[in-house]
Amino acid sequence: MAGTLLRGGGHEPLLLVVGGLALPVLLGGLVLRWSAALAVGVALLGAQQAVRLALGPDSPDSWTPLSAGALLLTAELVWWSVEPRVPAWSQPWQATRRVGTVLLACAGGSMVSAVVLVAAGVPISGGFGLELAGVAAATGALGVVAWVARSH
Amino acid sequence: MSRSATPKLGAYAALAAAGLLAALVLGRPELAALAAPFALALVVGLSLAETPRVRGIFELGTERQVEGEPVEAWLELEAETPVPRLEVLVDLPDGLESEAPSLQVLGLAPGERAELELPLHCAHWGAYRVGRVFLRAHDRFGLLVFEETLDLRRPLKVYPRGEALRRVLRPFETQVFAGNQPPRSRGEGIEFADLRPFVPGDRVRRVNWRATARRGEPWVNETHPERNTDVVIFLDTFAEARDGGTSTLDLAVEAAGSLAGHYIREKDRVGLVAFGGVLNWLTVSTGVVQLYRVLDSLLDAEIFLSYAWKDIDILPVRTLPPHALVLALTPLLDERSVRALVDLRARGFDLAVVEISPVPFVEPGKGELDDLAYRLWLLRRDALRSSYLQLGVPVVEWRRDAPLQAALEEVRTFRRHARVTRA
């Protein structure tokens with residue numbers, strides 16, 4: 001959130017309001033161990049980025065992969081915090097292994113994010129194939145959501 | 001194992017979808033790039049997730065133990081697939097406790113075995129089946145949860161500890177088998193009974209030389225033969241008074257176990273009648289096997305709510321042998337058991353009643369009316385005891401904080417006087 005504010009480009013008050021909303025929601029989710037509130041809090045942090053990008057210049061933001069990795073790290077840590085406390089998880093090998101997995105996931109996420117940005121910057125014109133790929137991606141995303149809904 | 005999604009999976013999917021939609025709406029690829037790590041976590045996490053396969057073996061150190069004593073238990077788990085995080089919860093029935101943490105977490109590689117030690121403490125008597133194990137495994141990213149229940153139950157019998165008794169009640173009449181009790185009759189034995197003049201046929205080894213020298217003619221010793229007795233423990237299971245973890249039935253079962261153990265050690269024959277909503281009985285017999293039969297029957301004793309009227313006629317004939325001492329353990333809370341005991345006395349059975357007092361389990365009310373009702377209830381109980389005493393039935397009130405031995409001594413005293421009165 002601080003990184004977004006530093007790159008606010010004159011819209012710091014608005015970004016502060018959006019980011020400021022995320023903090024109490026996240027805190028409430030942590031205190032109440034409420035997963036939905038955590039999701040909303042992380043989404044608000046993402047929305048802060050979206051507002052900055054929408055109000056900012058049209059040029060691609062090269063800091064986005066870092067922000068994406070940080071957002072995933074935030075999400076991983078908050079969900080880790082609300083998991084049931086089990087004494088055995090304080091064992092060094094368990095904690096180290098898990099921290100390693102989380103950091104690896106965040107680094108991988110940043111890399112994928114960078115790939116997405118690079119791909120978006122490739123000067124290719126639109127066409128049927130690209131639109132088909134977009135539809136397939138959207139359908140795939142909906143499929144994942146539907147699968148999650150079914151398995152609950 | 002059953003599989004279900006965690007809330008985290010749903011949240012990540014929603015975040016990824018929202019980011020992609022926002023990128024489309026706002027026309028900013030950076031938002032798709034922001035959503036990409038969440039989509040990646042979903043794809044990788046779901047691709048790598050594998051349903052864990054875990055096998056388990058549950059062993060108990062012993063199948064029989066006494067209340068208050070520990071029992072060792074082991075749970076061995078073997079994974080056929082990698083399980084990064086496995087939560088293990090052994091479901092312990094009420095009455096068994098464990099000092100080990102109830103929930104244990106471990107990670108297993110394929111083919112790896114893990115052995116968990118579960119030191120159990122037998123807090124309460126009962127017949128248990130221990131070993132239902134709940135397993136919950138998570139995938140590496142915490143997106144899916146797999147759950148399974150392993151039924152590895154093993155029987156465990158926890159016998160009531162009871163009280164070590166030095167002396168118990170004796171029936172008025174003995175039986176014909178050899179035992180430790182001297183009957184009133186005289187015969188071949190080692191317990192001295194009396195002296196009498198020598199008659200032809202007496203064995204020389206029975207001559208009492210000191211009495212013979214004093215009286216100038218041969219006198220011989222008379223002895224009591226050693227005989228056993230029959231004791232039927234009558235357990236009232238119609239109703240109980242309960243206060244938290246203990247009840248009058250618990251006390252009755254502990255007392256019955258102590259009494260049965262003592263009588264059988266004395267070579268007496270012991271039977272059991274659990275008279276209540278469900279009738280349970282054991283005909284009289286002796287030996288260690290019979291002791292375990294009695295104890296096992298006691299473990300099954302419980303209160304079954306029943307409104308059916310039952311009297312002593314429903315008992316099989318052989319459960320109450322002639323000349324047996326019927327030792328009733330009852331809270332005297334149910335009219336049916338009260339009448340049944342009176343009926344037993346009327347049929348000439350040698351009866352003694354140990355009243356497991358429900359009074360310590362009952363709190364007097366706070367209001368004046370409640371206090372009056374409580375006092376009336378106590379008066380009715382006194383009247384009931386008096387009616388038993390008038391019938392010649394020794395009845396003694398035994399409270400949970402007093403030793404059973406003291407209650408039995410009180411009954412012994414009553415019976416001694418009752419015998420004089422009869423004579």
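Mentor: Two strands count as paired if DSSP finds at least two bridges between them. The model discussed here is predicted.

Trainee: In strand 21 of chain B, which residue is the bridge partner of V354(B)?

Mentor: Strand 20 of chain B covers residues 350-356 and pairs with strand 21 of chain B in the parallel sense, over four bridges. In strand 21 of chain B, V354(B) has as its bridge partner V396(B).

Trainee: How many residues of strand 17 of chain B are buried?

Mentor: R269(B), G271(B), V273(B) and F275(B) point one way from strand 17 of chain B, while V270(B), L272(B), A274(B) and G276(B) point the other way. A residue is buried if 20 or more other C-beta atoms lie within 10 Å of its own. All of the residues on both faces are buried. For strand 17 of chain B the count is eight of eight.

Trainee: How many bridges join strand 14 of chain B to strand 17 of chain B?

Mentor: Strand 14 and strand 17 of chain B run parallel. The number of bridges is eight.

Trainee: Which residue of strand 18 of chain B stands opposite A274(B)?

Mentor: Strand 17 and strand 18 of chain B run antiparallel and are joined by four bridges. The two strands form a hairpin, with three residues between them. Opposite A274(B) stands N280(B).

Trainee: Which element of chain B gives the most to the largest nonpolar core?

Mentor: That core has 126 residues, and those with the most contacts inside it are I233(B), L235(B) and V326(B). Beyond its neighbours within four places in sequence, L235(B) is in contact with residues including L272(B), V273(B), A274(B) and F275(B). With eleven residues, the element that gives the most to the core is helix 2 of chain B.

Trainee: Which residue of strand 8 of chain B stands opposite E72(B)?

Mentor: Another open sheet of chain B has four strands in the order 2-4-8-6, with antiparallel pairing. Within the sheet, strand 4 (residues 70-79) and strand 8 (residues 113-122) of chain B pair over nine bridges. The residue opposite E72(B) is P119(B).

Trainee: Which element gives the largest share of the side of chain B that touches chain A?

Mentor: The contact takes 39 residues from chain B and 40 residues from chain A. Strand 1 (2-5), helix 1 (7-26), helix 2 (29-48) and strand 7 (103-108) of chain B each give two or more residues to the side that touches chain A. On that side of chain B, 29 residues are nonpolar, five polar and five charged. The largest share, 15 residues, comes from helix 1 of chain B.

Key:
Residues numbered from 1 in each chain as written. Chains lettered and ligands numbered in written order. Predicted model: local features only at pLDDT ≥ 70, side-chain atom pairs only at ≥ 80, totals over all residues. Contact = placed C-beta atoms within 7 Å. Nonpolar A, V, L, I, M, F, W, Y, C, P; charged D, E, K, R; others polar. Buried ≥ 20, exposed ≤ 12 C-beta atoms within 10 Å, placed from the backbone. Core = buried A, V, L, I, M, F, W, Y, C linked by C-beta atoms within 7 Å.
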